Amino acid sequence: MKTVLNVIWLVLSGFWLFLGYLAAGLVLCITIIGIPFGIAAFRIGVYALWPFGYTTVERRDAGAPSCIGNVLWLVLAGWWLALGHIVTGLLLCLTIIGIPFGVANFKLIPVSLFPLGREIVRTDEPFAVR
């Protein structure tokens with residue numbers, strides 16, 4: 001079932017969201033300081049490309065640097081990426097078939113706003129010790 005949902009997601013919105021994250025990651029990687037943010041954009045872009053069957057969990061070893069990084073991320077890229085998820089989610093919710101995909105877009109908004117200090121894991125192991 002996850003594969004079917006992921007294929008429909010890919011066609012309806014996943015590919016375009018992935019391209020947005022890819023563009024943001026490339027722009028952020030221009031400077032040395034932006035490379036960690038670019039890597040986060042690439043990581044979330046892959047998650048946005050194929051989201052069903054995965055979830056995000058907080059990393060226990062993330063501290064103050066990830067908090068400061070999240071504030072910078074919010075200003076540099078997070079707001080625009082979250083806005084893309086909001087618009088895409090609203091458009092998908094216009095049809096009955098698109099409602100689950102719109103809800104999935106809304107679930108990606110917190111990750112697009114504050115990605116640092118989060119880890120993407122499979123849904124069958126969200127509490128597994130790493």
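So, the nonpolar patch: helix H3 gives it the largest share, seven residues. Bear in mind that this is a predicted model. H3 spans residues 64-92, and both H3 and H4 supply at least two residues of the patch. Who are the members? On the surface you'll find Trp79, Trp80, Leu83, Ile86, Val87, Leu90, Leu91, Leu94, Ile96, Ile99, Val103 and Phe106, and together they have about 1,200 Å² of accessible area.

Let me pick out one of them, Phe106. This residue sits in helix H4.

Now for a contrast, please turn to Ser13. You'll see Ser13 in helix H1, which covers residues 2-28. With a relative accessible area of 2%, Ser13 is buried, since the cut-off for that is under 20%. Which residues does Ser13 touch, if we leave aside those up to four places away in sequence? They are Thr88, Leu92 and Asn105.

A last word on confidence, friends. The average pLDDT of the chain is 88, and 96% of the residues score at least 70. Among the elements, helix H4, residues 99-113, has the highest mean pLDDT, at 92. The lowest mean, 85, belongs to strand E1, residues 54-58. So that Phe106 we talked about is found in H4, the element with the highest mean pLDDT. Thanks, everyone!

Technical notes. Residues are numbered from 1 along each chain as its sequence is written. This is a predicted model: local features need pLDDT of at least 70, side-chain atom pairs count only at pLDDT 80 or more; totals for chains, interfaces and linings use all residues. Side-chain values use heavy atoms; hydrogens and water are left out. Helices (H or I, at least four residues) and strands (E, at least two) are DSSP runs, numbered from the N terminus. Buried means under 20% relative accessible area, exposed over 50%, partly exposed in between (1.4 Å probe, protein chains only). Contact means heavy atoms within 4.5 Å. pLDDT is the predictor's confidence in each residue, from 0 to 100. Patches are made of residues with over 30% relative accessible area and no salt bridge: like charges are joined within 9 Å, nonpolar side chains (Val, Leu, Ile, Met, Phe, Trp, Tyr) within 5 Å. Accessible areas come from the Shrake-Rupley method with a 1.4 Å probe; for residues, only the protein chains shown count as cover. A salt bridge is a side-chain nitrogen of Lys or Arg within 4 Å of a carboxyl oxygen of Asp or Glu.
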